[in-house]
Amino acid sequence: MAPTPAGNRRTRIHVVSDVHGNARDLARAGDGADALVCLGDLVLFLDYADHSRGIFPDLFGVENADRIVALRTARRYEEAREFGARLWAGVGEDRAAVIEQAVRKQYAELFAAFPTPTYATYGNVDMPPLWREYAGPGTAVLDGERVEIGGWVFGFVGGGLRTPMRTPYEISDEEYAAKIEAVGEVDVLCTHIPPEVPELVYDTVARRFERGSRALLDAIRRTRPRYSLFGHVHQPLVRRMRIGATECVNVGHFAGTGRPWALEW
(Lines give C-alpha, C1' and ligand atoms only; values in the text may rest on other atoms or scores of the structure.)
Protein backbone atom coordinates (compact mmCIF):
# COMPACT_ATOMS: atom_id res chain seq x y z
CA MET A 1 0.00 0.00 0.00
CA ALA A 2 1.21 3.50 -0.80
CA PRO A 3 2.39 5.82 1.98
CA THR A 4 0.07 8.30 3.68
CA PRO A 5 -0.81 11.20 1.38
CA ALA A 6 1.14 14.41 1.94
CA GLY A 7 1.08 17.92 0.53
CA ASN A 8 -0.83 18.27 -2.73
CA ARG A 9 -0.29 14.74 -3.96
CA ARG A 10 -3.40 13.03 -5.25
CA THR A 11 -5.14 10.55 -2.99
CA ARG A 12 -6.36 7.16 -4.18
CA ILE A 13 -8.78 5.02 -2.17
CA HIS A 14 -9.86 1.48 -3.03
CA VAL A 15 -13.34 0.45 -1.89
CA VAL A 16 -14.78 -3.05 -1.52
CA SER A 17 -18.02 -4.51 -0.23
CA ASP A 18 -19.54 -7.97 0.07
CA VAL A 19 -16.23 -9.77 0.40
CA HIS A 20 -17.96 -13.02 1.42
CA GLY A 21 -14.87 -15.04 2.20
CA ASN A 22 -12.65 -13.87 -0.69
CA ALA A 23 -9.48 -13.47 1.39
CA ARG A 24 -7.17 -14.13 -1.56
CA ASP A 25 -8.27 -11.06 -3.54
CA LEU A 26 -8.75 -9.00 -0.37
CA ALA A 27 -5.03 -9.32 0.36
CA ARG A 28 -4.34 -7.47 -2.93
CA ALA A 29 -7.25 -5.03 -2.82
CA GLY A 30 -5.18 -2.18 -1.40
CA ASP A 31 -2.32 -2.43 -3.90
CA GLY A 32 -1.55 1.03 -5.33
CA ALA A 33 -3.93 2.87 -2.98
CA ASP A 34 -3.43 5.13 0.03
CA ALA A 35 -6.14 3.33 1.97
CA LEU A 36 -8.71 0.55 1.68
CA VAL A 37 -12.36 1.07 2.59
CA CYS A 38 -14.48 -2.02 3.29
CA LEU A 39 -18.26 -1.78 3.52
CA GLY A 40 -18.92 -5.12 5.13
CA ASP A 41 -20.32 -8.60 4.62
CA LEU A 42 -17.03 -10.37 5.20
CA VAL A 43 -18.73 -13.62 6.17
CA LEU A 44 -19.72 -16.24 3.61
CA PHE A 45 -22.69 -18.14 4.99
CA LEU A 46 -24.06 -19.35 1.67
CA ASP A 47 -22.94 -18.48 -1.86
CA TYR A 48 -26.02 -18.13 -4.06
CA ALA A 49 -23.86 -18.51 -7.19
CA ASP A 50 -21.92 -21.57 -5.96
CA HIS A 51 -23.91 -23.54 -3.39
CA SER A 52 -20.86 -25.58 -2.39
CA ARG A 53 -19.23 -22.58 -0.68
CA GLY A 54 -19.94 -21.22 2.78
CA ILE A 55 -20.81 -22.17 6.33
CA PHE A 56 -24.20 -23.66 5.43
CA PRO A 57 -22.99 -26.25 2.87
CA ASP A 58 -19.99 -27.06 5.06
CA LEU A 59 -22.43 -28.08 7.79
CA PHE A 60 -25.34 -29.51 5.82
CA GLY A 61 -24.11 -30.37 2.31
CA VAL A 62 -24.70 -28.95 -1.14
CA GLU A 63 -28.05 -30.67 -1.72
CA ASN A 64 -29.56 -28.96 1.31
CA ALA A 65 -27.96 -25.67 0.23
CA ASP A 66 -29.64 -26.07 -3.18
CA ARG A 67 -32.97 -26.58 -1.44
CA ILE A 68 -32.81 -23.57 0.86
CA VAL A 69 -31.65 -21.26 -1.95
CA ALA A 70 -34.59 -22.42 -4.08
CA LEU A 71 -37.03 -21.69 -1.25
CA ARG A 72 -35.60 -18.25 -0.53
CA THR A 73 -35.45 -17.31 -4.21
CA ALA A 74 -39.13 -18.26 -4.49
CA ARG A 75 -39.79 -16.01 -1.44
CA ARG A 76 -41.05 -19.01 0.52
CA TYR A 77 -39.34 -17.69 3.61
CA GLU A 78 -41.44 -19.52 6.20
CA GLU A 79 -40.74 -22.88 4.49
CA ALA A 80 -37.05 -21.97 4.31
CA ARG A 81 -36.99 -21.22 8.05
CA GLU A 82 -38.76 -24.48 8.88
CA PHE A 83 -36.39 -26.44 6.65
CA GLY A 84 -33.37 -24.76 8.22
CA ALA A 85 -34.71 -25.42 11.72
CA ARG A 86 -34.99 -29.16 10.96
CA LEU A 87 -31.39 -29.21 9.76
CA TRP A 88 -30.12 -27.35 12.81
CA ALA A 89 -32.03 -29.69 15.11
CA GLY A 90 -29.79 -32.48 13.88
CA VAL A 91 -26.54 -30.68 14.69
CA GLY A 92 -26.65 -31.76 18.31
CA GLU A 93 -24.85 -28.63 19.54
CA ASP A 94 -25.74 -25.08 20.32
CA ARG A 95 -26.50 -23.35 17.00
CA ALA A 96 -25.04 -19.97 18.00
CA ALA A 97 -21.79 -21.61 19.17
CA VAL A 98 -21.42 -23.58 15.93
CA ILE A 99 -21.99 -20.47 13.80
CA GLU A 100 -19.63 -18.37 15.89
CA GLN A 101 -16.86 -20.94 15.58
CA ALA A 102 -17.25 -20.97 11.78
CA VAL A 103 -17.36 -17.17 11.60
CA ARG A 104 -14.28 -16.86 13.79
CA LYS A 105 -12.37 -19.09 11.37
CA GLN A 106 -13.32 -16.83 8.44
CA TYR A 107 -12.63 -13.61 10.35
CA ALA A 108 -9.15 -14.75 11.36
CA GLU A 109 -8.22 -15.15 7.69
CA LEU A 110 -10.05 -12.08 6.39
CA PHE A 111 -8.85 -9.55 8.95
CA ALA A 112 -5.29 -10.81 8.46
CA ALA A 113 -5.68 -9.93 4.76
CA PHE A 114 -6.59 -6.29 5.40
CA PRO A 115 -3.81 -3.86 4.43
CA THR A 116 -2.82 -0.82 6.49
CA PRO A 117 -4.69 1.46 6.69
CA THR A 118 -8.15 -0.04 6.30
CA TYR A 119 -11.40 1.71 7.26
CA ALA A 120 -14.25 -0.77 7.65
CA THR A 121 -17.90 -0.99 8.65
CA TYR A 122 -20.24 -3.94 9.14
CA GLY A 123 -22.55 -5.64 6.67
CA ASN A 124 -25.85 -7.26 7.55
CA VAL A 125 -24.36 -10.77 7.70
CA ASP A 126 -21.46 -9.74 9.95
CA MET A 127 -21.12 -10.24 13.71
CA PRO A 128 -20.01 -6.84 15.10
CA PRO A 129 -19.07 -8.08 18.61
CA LEU A 130 -16.22 -10.10 17.07
CA TRP A 131 -14.73 -7.38 14.88
CA ARG A 132 -12.66 -5.53 17.45
CA GLU A 133 -11.19 -8.83 18.55
CA TYR A 134 -9.80 -9.53 15.08
CA ALA A 135 -9.14 -6.00 13.77
CA GLY A 136 -5.44 -5.16 13.99
CA PRO A 137 -3.99 -1.71 14.74
CA GLY A 138 -4.08 -0.83 11.02
CA THR A 139 -7.84 -1.40 10.73
CA ALA A 140 -10.30 1.24 11.97
CA VAL A 141 -13.81 -0.10 12.62
CA LEU A 142 -16.39 2.68 12.16
CA ASP A 143 -20.18 2.71 12.53
CA GLY A 144 -22.09 5.97 12.79
CA GLU A 145 -18.69 7.71 12.77
CA ARG A 146 -16.52 9.96 10.60
CA VAL A 147 -12.86 9.98 9.60
CA GLU A 148 -10.70 12.25 7.44
CA ILE A 149 -8.77 10.64 4.58
CA GLY A 150 -6.64 12.80 2.31
CA GLY A 151 -8.51 15.95 3.28
CA TRP A 152 -11.98 14.52 2.61
CA VAL A 153 -14.41 13.51 5.36
CA PHE A 154 -15.79 9.96 5.14
CA GLY A 155 -18.84 8.87 7.11
CA PHE A 156 -19.57 5.20 7.85
CA VAL A 157 -22.87 3.49 8.68
CA GLY A 158 -22.92 -0.30 8.94
CA GLY A 159 -25.54 -3.02 9.03
CA GLY A 160 -28.83 -3.58 7.26
CA LEU A 161 -32.53 -3.10 7.93
CA ARG A 162 -34.84 -5.85 9.12
CA THR A 163 -35.97 -8.42 6.55
CA PRO A 164 -37.60 -11.88 6.46
CA MET A 165 -34.06 -13.29 6.02
CA ARG A 166 -33.21 -12.36 9.63
CA THR A 167 -29.48 -11.94 9.04
CA PRO A 168 -27.23 -11.25 12.07
CA TYR A 169 -26.86 -7.46 11.93
CA GLU A 170 -30.28 -6.13 10.99
CA ILE A 171 -31.49 -3.12 12.97
CA SER A 172 -34.61 -0.97 13.12
CA ASP A 173 -35.23 1.89 10.72
CA GLU A 174 -35.06 4.27 13.69
CA GLU A 175 -31.65 3.03 14.87
CA TYR A 176 -30.30 3.17 11.33
CA ALA A 177 -31.62 6.71 10.81
CA ALA A 178 -29.95 7.80 14.08
CA LYS A 179 -26.57 6.61 12.79
CA ILE A 180 -27.08 8.46 9.51
CA GLU A 181 -27.90 11.59 11.51
CA ALA A 182 -24.81 11.14 13.71
CA VAL A 183 -22.55 11.10 10.64
CA GLY A 184 -23.89 14.41 9.38
CA GLU A 185 -22.43 16.24 6.39
CA VAL A 186 -19.50 14.43 4.74
CA ASP A 187 -17.70 14.27 1.42
CA VAL A 188 -18.17 10.52 1.04
CA LEU A 189 -21.04 8.64 2.70
CA CYS A 190 -20.11 4.96 3.10
CA THR A 191 -22.84 2.45 3.93
CA HIS A 192 -23.43 -1.25 3.45
CA ILE A 193 -26.94 -0.90 2.07
CA PRO A 194 -28.01 1.46 -0.73
CA PRO A 195 -30.45 4.36 -0.58
CA GLU A 196 -34.07 3.38 -1.16
CA VAL A 197 -34.17 3.78 -4.94
CA PRO A 198 -35.78 0.97 -6.99
CA GLU A 199 -33.00 0.80 -9.58
CA LEU A 200 -30.35 0.52 -6.85
CA VAL A 201 -32.07 -2.05 -4.61
CA TYR A 202 -33.36 -4.53 -7.21
CA ASP A 203 -31.20 -7.65 -7.63
CA THR A 204 -31.55 -8.95 -11.19
CA VAL A 205 -30.35 -12.48 -10.33
CA ALA A 206 -32.21 -13.01 -7.05
CA ARG A 207 -35.20 -11.31 -8.76
CA ARG A 208 -36.21 -9.33 -5.71
CA PHE A 209 -35.98 -5.89 -4.16
CA GLU A 210 -33.49 -5.78 -1.30
CA ARG A 211 -34.00 -3.31 1.53
CA GLY A 212 -32.52 0.10 1.04
CA SER A 213 -32.68 3.04 3.44
CA ARG A 214 -35.09 5.94 3.09
CA ALA A 215 -33.14 7.81 5.78
CA LEU A 216 -30.00 7.43 3.67
CA LEU A 217 -31.79 8.72 0.59
CA ASP A 218 -33.11 11.72 2.54
CA ALA A 219 -29.60 12.46 3.88
CA ILE A 220 -28.13 12.34 0.38
CA ARG A 221 -30.70 14.84 -0.85
CA ARG A 222 -30.26 17.07 2.19
CA THR A 223 -26.47 17.05 2.75
CA ARG A 224 -25.32 16.48 -0.87
CA PRO A 225 -22.14 14.42 -0.33
CA ARG A 226 -19.81 14.07 -3.30
CA TYR A 227 -20.27 10.29 -3.26
CA SER A 228 -22.56 7.70 -1.72
CA LEU A 229 -20.82 4.29 -1.74
CA PHE A 230 -22.51 1.01 -0.83
CA GLY A 231 -22.83 -2.68 -1.66
CA HIS A 232 -25.34 -5.30 -0.45
CA VAL A 233 -27.14 -5.76 -3.78
CA HIS A 234 -24.87 -8.12 -5.67
CA GLN A 235 -26.34 -7.78 -9.18
CA PRO A 236 -28.18 -4.43 -9.17
CA LEU A 237 -30.32 -3.19 -12.01
CA VAL A 238 -28.20 -0.01 -11.96
CA ARG A 239 -24.69 0.14 -10.49
CA ARG A 240 -24.27 3.90 -10.66
CA MET A 241 -26.58 6.91 -10.77
CA ARG A 242 -26.72 10.52 -9.63
CA ILE A 243 -29.07 11.80 -6.97
CA GLY A 244 -28.86 15.56 -7.21
CA ALA A 245 -25.20 16.48 -6.72
CA THR A 246 -24.23 13.04 -5.38
CA GLU A 247 -22.69 10.21 -7.38
CA CYS A 248 -24.14 6.94 -6.00
CA VAL A 249 -22.01 3.86 -6.67
CA ASN A 250 -22.54 0.18 -5.86
CA VAL A 251 -19.02 -1.09 -5.08
CA GLY A 252 -19.94 -4.78 -4.61
CA HIS A 253 -19.88 -7.66 -5.30
CA PHE A 254 -16.19 -8.11 -4.43
CA ALA A 255 -16.52 -11.85 -3.83
CA GLY A 256 -17.46 -12.36 -7.46
CA THR A 257 -15.12 -9.90 -9.17
CA GLY A 258 -12.12 -9.69 -6.83
CA ARG A 259 -11.63 -6.07 -7.96
CA PRO A 260 -11.93 -2.97 -5.77
CA TRP A 261 -13.56 0.25 -6.95
CA ALA A 262 -11.11 3.17 -7.09
CA LEU A 263 -11.77 6.75 -5.98
CA GLU A 264 -9.12 9.38 -6.69
CA TRP A 265 -8.96 13.11 -5.99
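**Close-up views of a predicted model**

View 1. A disulfide is taken here as a pair of cysteine sulfur atoms within 2.5 Å. The model is predicted: local features need pLDDT of at least 70, side-chain atom pairs count only at pLDDT 80 or more, and totals for chains, interfaces and linings use all residues. Residues are numbered from 1 along each chain as its sequence is written, and side-chain values use heavy atoms, with hydrogens and water left out. The structure holds 0 disulfides. Cys 190 takes part in none, its nearest cysteine sulfur being that of Cys 38 at 11 Å. Cys 190 counts as buried because its relative accessibility is 0%; Cys 248 is likewise buried, at 0%. Buried means under 20% relative accessible area, exposed over 50%, and partly exposed in between (1.4 Å probe, protein chains only).

**View 2. The loop around His 253.** His 253 sits in the loop between strand E14 (246-250) and helix H10 (254-257). Helices (H or I, at least four residues) and strands (E, at least two) are DSSP runs, numbered from the N terminus. With a relative accessibility of 14%, His 253 counts as buried. Its side chain reaches the backbone oxygen of Asp 18 at 3.4 Å. This is a polar contact, meaning a pair of N or O atoms within 3.5 Å; within protein, one must be able to donate a hydrogen and the other to accept it, and residues adjacent in sequence count only if both atoms are side-chain atoms. Apart from its neighbours within four places in sequence, His 253 is in contact with Ser 17, Asp 18, His 20, His 234 and Arg 239, where contact means heavy atoms within 4.5 Å.

**View 3. The sheet of 5 strands.** This open sheet runs in the order E4-E3-E2-E1-E15, with mixed pairing. Strand E4 (139-141) and E15 are the edge strands, each pairing on one side only. On average, neighbouring strands of the sheet are turned by 20° against each other, direction ignored. Axes are lines fitted to C-alpha atoms, for helices over the stretch in contact, and angles run from 0 to 180 degrees between N-to-C directions. Two strands pair if DSSP finds at least two bridges between them. Strand E2 (residues 35-38) and strand E3 (residues 118-120) pair in the parallel sense over 3 bridges, with Leu 36 opposite Thr 118 in E3.

View 4. Strand E1 (residues 12-16) and E15 are joined in the antiparallel sense by 4 bridges; His 14 has Ala 262 of E15 as its bridge partner. In a regular strand the side chains alternate between the two faces of the sheet.

View 5. Strand E9 (residues 188-191) and strand E12 (residues 227-230) pair in the parallel sense over 3 bridges. Val 188 has Tyr 227 in E12 as its bridge partner.

**View 6. Helix H5 and its packing.** Helix H5 (residues 95-113) has 19 residues and reaches 28 Å from its first C-alpha to its last, close to the expected 27 Å. The expected span of a helix is 1.5 Å times one less than its number of residues. Buried residues of H5 include Val 98, Ile 99, Val 103, Tyr 107 and Leu 110. The buried residues of H5 pack against helix H1 (23-26), helix H2 (55-60), helix H4 (77-89) and helix H6 (128-134). Glu 133 lies in H6, and a polar contact of 2.7 Å joins its side chain to that of Arg 104.

**View 7. Helix H3.** Ala 65, Ile 68, Val 69, Leu 71, Arg 72 and Thr 73 are buried in H3. The buried residues of H3 pack against H2, H4 and strand E11 (208-209). Just after H3, Arg 75 takes a positive phi of about 65°.
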